Amino acid sequence: MTNSTEVTGLILAGGQGKRMGHVDKGLQRFRGSTMITHVLRRLAPQVKKVAIIANQNTDAYSVFGAPVWPDDLTGFEGPLAGLETGLRRCMTDYLVTVPCDSPFLPVDLVQRLCEALHANDADLAVAETIDAGRVQPQPVFALMKAAVLPHLSDYLASGGRKMDGWYDSIKVVRVRFEDSDGFRNINTLGELQQFEKEA
């Protein structure tokens, strides 16, 4: 099993927030702070260090005390572009990614992904849940070996942008989490207000 000193945490906040009215989701107020603050509080104890991928409002993100990196591949090319940027700067053997709009992420996420990755000698471990009786992939909640960087760069250079497409080309283990609430992401202002009231 990998320990936390070998893992870098990467919070993906590089999107355009289209479904939330083109606002920066990670910086939205939520339960007394911001969404990214909640993500940081849950992720930081599980890893050696945390970094943030952001393509706008980088000064606002810098106040959280973590390095802030814009995508090297410009033009809002999706989460794999952020992942490549993080892997290029990763100084640990492993990298774990989470989105900035999931403030309830499991506190045992990294441990469970690490255990599964090693038990299956995989390149990447990704979370999945059960929703209404159906398996629901959670592709942005993933832990991988830093050594997958060249393979990812080749995939992006060939025009690939879909996470599932890249996952299909490497050795992946899927890790079932029974509590799907930890993976709830907040995509709209209505959902933001709904989960605020449920506090």
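This is a predicted model: local features need pLDDT of at least 70, side-chain atom pairs count only at pLDDT 80 or more; totals for chains, interfaces and linings use all residues.
Residues are numbered from 1 along each chain as its sequence is written, and side-chain values use heavy atoms, with hydrogens and water left out.

**The overall picture**

The chain has seven helices and nine strands. Helices (H or I, at least four residues) and strands (E, at least two) are DSSP runs, numbered from the N terminus. Of the 199 residues in the chain, 50% are buried. Buried here means under 20% relative accessible area, exposed is over 50%, and partly exposed is in between, with a 1.4 Å probe and protein chains only. If you take the contacts between residues at least 6 apart in sequence, 72% of them join residues at least 24 apart; a contact means heavy atoms within 4.5 Å.

**Helix α3 and its partner**

Two packed helices are described by the angle between their axes and the distance between the axes. For α3 (residues 79-89) and α5 (residues 149-157), the angle is about 145° and the axes are 10 Å apart. Axes are lines fitted to C-alpha atoms, for helices over the stretch in contact, and angles run from 0 to 180 degrees between N-to-C directions.

On the α3 side, the residues that meet α5 are Leu 80, Ala 81, Leu 83, Glu 84, Leu 87 and Arg 88. They face Leu 149, Leu 152, Ser 153, Tyr 155 and Leu 156 in α5. Helix α3 is mostly covered, with eight of its 11 residues buried. Among them are Gly 82, Thr 85 and Gly 86.

**Salt bridges**

Side chains of opposite charge can pair when their charged atoms come close. With a salt bridge taken as a side-chain nitrogen of Lys or Arg within 4 Å of a carboxyl oxygen of Asp or Glu, the whole structure has seven. Here are some of them:

| Pair | N to O distance |
|---|---|
| Lys 25 and Asp 101 | 2.6 Å |
| Arg 88 and Asp 72 | 3.0 Å |
| Arg 176 and Glu 128 | 2.9 Å |

Start with Lys 25 and Asp 101, whose closest N and O atoms are 2.6 Å apart. This pair links distant parts of the chain, 76 residues apart: Lys 25 is in the loop between β1 and β2, and Asp 101 is in the loop between β6 (94-99) and α4 (109-119). Both Lys 25 and Asp 101 are buried.

Next, the side chains of Arg 88 and Asp 72 meet at 3.0 Å. Arg 88 lies in helix α3 and Asp 72 in the loop between β5 (68-69) and α3, so the pair ties together parts that are 16 residues apart in sequence. Arg 88 is partly exposed at 44% relative accessibility, and Asp 72 is partly exposed at 31%.

Then there's Arg 176 with Glu 128, at 2.9 Å. Arg 176 lies in strand β9 (residues 172-176) and Glu 128 in strand β7 (residues 124-131), so this pair ties together parts that are 48 residues apart in sequence. Arg 176 is partly exposed, with a relative accessible area of 32%, whereas Glu 128 is buried at 11%. Salt bridges that share partners also join Asp 72, Glu 84, Arg 88 and Arg 89 into one network.

**Asp 24: buried without a salt bridge**

Asp 24 is found in the loop between β1 (7-12) and β2 (29-30). Asp 24 is buried yet has no salt bridge, and the nearest side chain of opposite charge, Lys 25, is 8.8 Å away. For charges, Lys and Arg count as positive and Asp and Glu as negative, while His and the chain ends are not counted.

What Asp 24 does have is polar contacts: its side chain reaches the side chain of Asn 57 at 3.0 Å and that of Tyr 61 at 2.4 Å. A polar contact is a pair of N or O atoms within 3.5 Å; within protein, one must be able to donate a hydrogen and the other to accept it, and residues adjacent in sequence count only if both atoms are side-chain atoms.

**Thr 92**

Thr 92 lies in the loop between α3 and β6 and counts as buried at 10% relative accessibility. A polar contact of 2.7 Å joins its side chain to that of Thr 8.
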